[in-house]
Amino acid sequence: MHTTSLTQELVERFFRYVAISSQSDASNPVVPTSPGQRVLAELLADELRQIGAIDVVLDDYACLTARFPGTLPGPALGFCAHLDTVDVGLSPDIYPQLVRFSGQRIELGHGQVLDPRQYPVLEDYLGEDIICTDGSSVLGSDDKAALASIMTALSHLGEVEHRDIVLAFVPDEEIGLRGAKALDLTRFAVAGAYTVDCEGQSTIAYETFNAGQAIVEIAGVTAHPMSAKGVLVNPNLVAHDLISCFDRNQTPECTAGREGYIWVQGIDGNQARTIVTLNIRDHDKARYEERKTEILRAVAEIEKRHPRAQISCQIDDVYANIADALKPENQWVVQDLQAAVLTTGRPARPLVMRGGTDGSYLSTQGIPTPNIFTGGFNFHSVHEFLPVSEFYRSYRTIWALMTRQF
Ligand SMILES: [Zn+2]
């Protein structure tokens, strides 16, 4: 098929998918956390059936799985993308615009501009078509560009020889990978998989954080100031003492690359009770575990200093580094990906991700799952944009993986 009609199909699909608002809602404990995610999943399920998918299952969590039986030998290959867009306080409704980049700043609307002086990477797309926002929302190339690329590739498999392919489109990635965790993995029986959920030029990621969260709850002793001396235990000050135990140079704002941190994310307190929420991140598993121990030591120290405060500490692992799931026998998932990206005319750029993806969870479940670029930039921002040529490169990478044409 001709490139122009393929890029047209990509853009049409993208516009169709972003027209369904599907922002996730962290305040809703029920997955999917917003009705739009199910509406989008239903649309995708219909489209999958039309293009010949089998075993199309859409469950109560709005996790959608489907299969395209392979004509090439080899293990089944998974593709995963998420249905939700992120809530960063912007409108859940997305009105994308397709513009030709002339080199001048782009007036998005709502007082927002996309300025090449702020984002010099735009210069790489001079004279090209770019999809951007109307200034009121994110664009949702995270992750609907992925849905569009995967669906476009599947719709063209037809008679082309391809691998056994299994899909998982999951909700609520942006709020702690809740959809991936709700996925019944017996429906995603693959030897290796890819998420398509990364920004940047030909970026791939197979190193992510190990991530955990600690919740420290401090119960103090309340008293009226007239009789407080020697009686009152202020949980807010106990929390302050706890926080001051941690190294102020090992925070998100003071670290980069593979440096980990403890992030004091929240302090929620009153006279009786204070809850401190700590995010723990490190690429290195041993150092990640040390950070957990460091928190427990700090809590023990603070308990000694404030014997009348009651302190509890709950630490949970959230996701793990994909790299730890890569063994000699499954290195092919990364090698194939690098070869597939190369077919688009540029080598892959491996990124050490300071975050996690659905693949960080799937990898802990024995499915090594690196992450592929979507073609988008500036995720989680009104300045998010998607050059059509990068979108096409992402699609071509997926196509090469599915058909083993590399
Ligand atoms: Zn994403």
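## Helix 3 against helix 9

Helix 3 passes helix 9 in a right-handed crossing (right-handed if the near helix is turned clockwise from the far one by less than a right angle, left-handed if anticlockwise). This is a predicted model in which local features need pLDDT of at least 70 and side-chain atom pairs count only at pLDDT 80 or more, while totals for chains, interfaces and linings use all residues. Residues are numbered from 1 along each chain as its sequence is written. Helices (H or I, at least four residues) and strands (E, at least two) are DSSP runs, numbered from the N terminus.

The axes of helix 3 and helix 9 (residues 388-403) come within 9 Å and cross at roughly 45°; axes are lines fitted to C-alpha atoms, for helices over the stretch in contact, and angles run from 0 to 180 degrees between N-to-C directions. The two helices are therefore oblique to each other (angles under 35 degrees count as roughly parallel, over 145 as roughly antiparallel, 65 to 115 as roughly perpendicular and the rest as oblique).

Which residues meet here? From helix 3 come Ala 145, Ser 149, Ile 150, Thr 152 and Ala 153, and from helix 9 Phe 391, Ser 394, Tyr 395, Ile 398, Trp 399 and Met 402; contact requires C-beta atoms, placed from the backbone, within 7 Å. This contact of helix 3 with helix 9 has eight nonpolar residues, three polar and no charged (Ala, Val, Leu, Ile, Met, Phe, Trp, Tyr, Cys and Pro count as nonpolar, Asp, Glu, Lys and Arg as charged, and the others, Gly among them, as polar).

## Helix 3 against helix 1

Helix 1 (residues 3-18) and helix 3 (residues 141-155) have axes that come within 9 Å and cross at roughly 130°. That makes helix 1 oblique to helix 3. On the helix 1 side, the contact includes Leu 6, Arg 13 and Phe 14, and on the helix 3 side it includes Lys 144, Leu 147 and Met 151. The contact of helix 1 with helix 3 divides into nine nonpolar, two polar and three charged residues.

An open sheet of eight strands runs in the order 1-2-8-3-9-16-10-15, with mixed pairing (strands pair if DSSP finds at least two bridges between them). Strand 1 (54-58) and strand 15 (349-352) stand at the edges with a single partner strand each, so one side of each has no neighbour in the sheet. From one strand to the next, the twist averages 25°.

Inside the sheet order, strand 9 (residues 192-198) pairs with strand 16 (residues 371-373) in the parallel sense over three bridges. Thr 195 has Asn 371 of strand 16 as its bridge partner.

Conventions: Two residues are in contact if their C-beta atoms, placed from the backbone, lie within 7 Å.
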